[in-house]
Amino acid sequence: MTLPASPSAAPGVKCGPLDGPKNLRVTAIAPHNSSAPVSATTPPTTDTTAPSAPGDLYAFDFDCETWLLWDQSVDDVDPQYAIQYDVFVNGVFDGSATAVDRWITYGTQTSNTYTVEAVDSAGNRSTSSLTLDNQSC
Ligand SMILES: [Ca+2]
């Protein structure tokens, strides 16, 4: 690759040292002290109260699938739409819902137990709903 030659000056333009400012002042900048303490404030989490337990857990059977329903929980801070519900099948976390129902869509051919816990936006977890035994098919 060949670099192009430096551009020739246009007629009437004189090349030479730039006439810059004569009195430049350099201000020393203090070095960063990495050991200096850094403070940051975040708003404290004031919500330490868990929502109420989901009430009236109920199951409807559709062939071998189960539709779980429960009553909304109440929280001291969060509106009901902000409460998340964690669903457990046989004690194992199955998934979360923000509505007050959840389909258990895999075949539940044997008797299973279902519980639901409500979690507010601060992570406070309710006690479990009642445990429901259900055999859908
Ligand atoms: Ca709360």
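**Figure 1. Confidence across the protein chain.** The protein chain averages a pLDDT of 80, where pLDDT is the predictor's confidence in each residue, from 0 to 100. A score of at least 70 is reached by 69% of the residues. Mean confidence is highest in E3, at 94, and lowest in E7, at 79. This is a predicted model: local features need pLDDT of at least 70, side-chain atom pairs count only at pLDDT 80 or more, and totals for chains, interfaces and linings use all residues. Residues are numbered from 1 along each chain as its sequence is written.

**Figure 2. The whole protein chain, with seven strands and zero helices.** Helices (H or I, at least four residues) and strands (E, at least two) are DSSP runs, numbered from the N terminus. The elements read β-β-β-β-β-β-β from the N terminus on. Of the 137 residues, 17% count as buried. A residue is buried if 20 or more other C-beta atoms lie within 10 Å of its own, exposed if 12 or fewer, and partly exposed in between, with C-beta atoms placed from the backbone. Among contacts with a separation of 6 or more, 60% join residues 24 or more positions apart. Contact requires C-beta atoms, placed from the backbone, within 7 Å.

**Figure 3. The four-strand open sheet, in the order E4-E3-E6-E7.** Its pairing is antiparallel; two strands pair if DSSP finds at least two bridges between them. Strands E4 (92-97) and E7 (132-134) stand at the edges. Each has a single partner strand, so one side of each is left without a neighbour in the sheet. Neighbouring strands are turned by 30° against each other on average, direction ignored. Axes here are lines fitted to C-alpha atoms, for helices over the stretch in contact, and angles run from 0 to 180 degrees between N-to-C directions.

**Figure 4. Close-up of the E3 and E4 pair.** Strand E3 covers residues 84-89. Five bridges link E3 to E4 in the antiparallel sense.

**Figure 5. The three-strand open sheet, in the order E1-E2-E5.** Pairing is antiparallel here. Strands E1 (55-62) and E5 (101-104) stand at the edges. Each has a single partner strand, so one side of each lacks a neighbour in the sheet. The twist averages 20° from one strand to the next.

**Figure 6. Close-up of the E1 and E2 pair.** Strand E2 covers residues 65-71. E1 and E2 pair in the antiparallel sense over six bridges. Phenylalanine 62 stands opposite glutamate 65 in E2.

Technical notes:
Contact = placed C-beta atoms within 7 Å.
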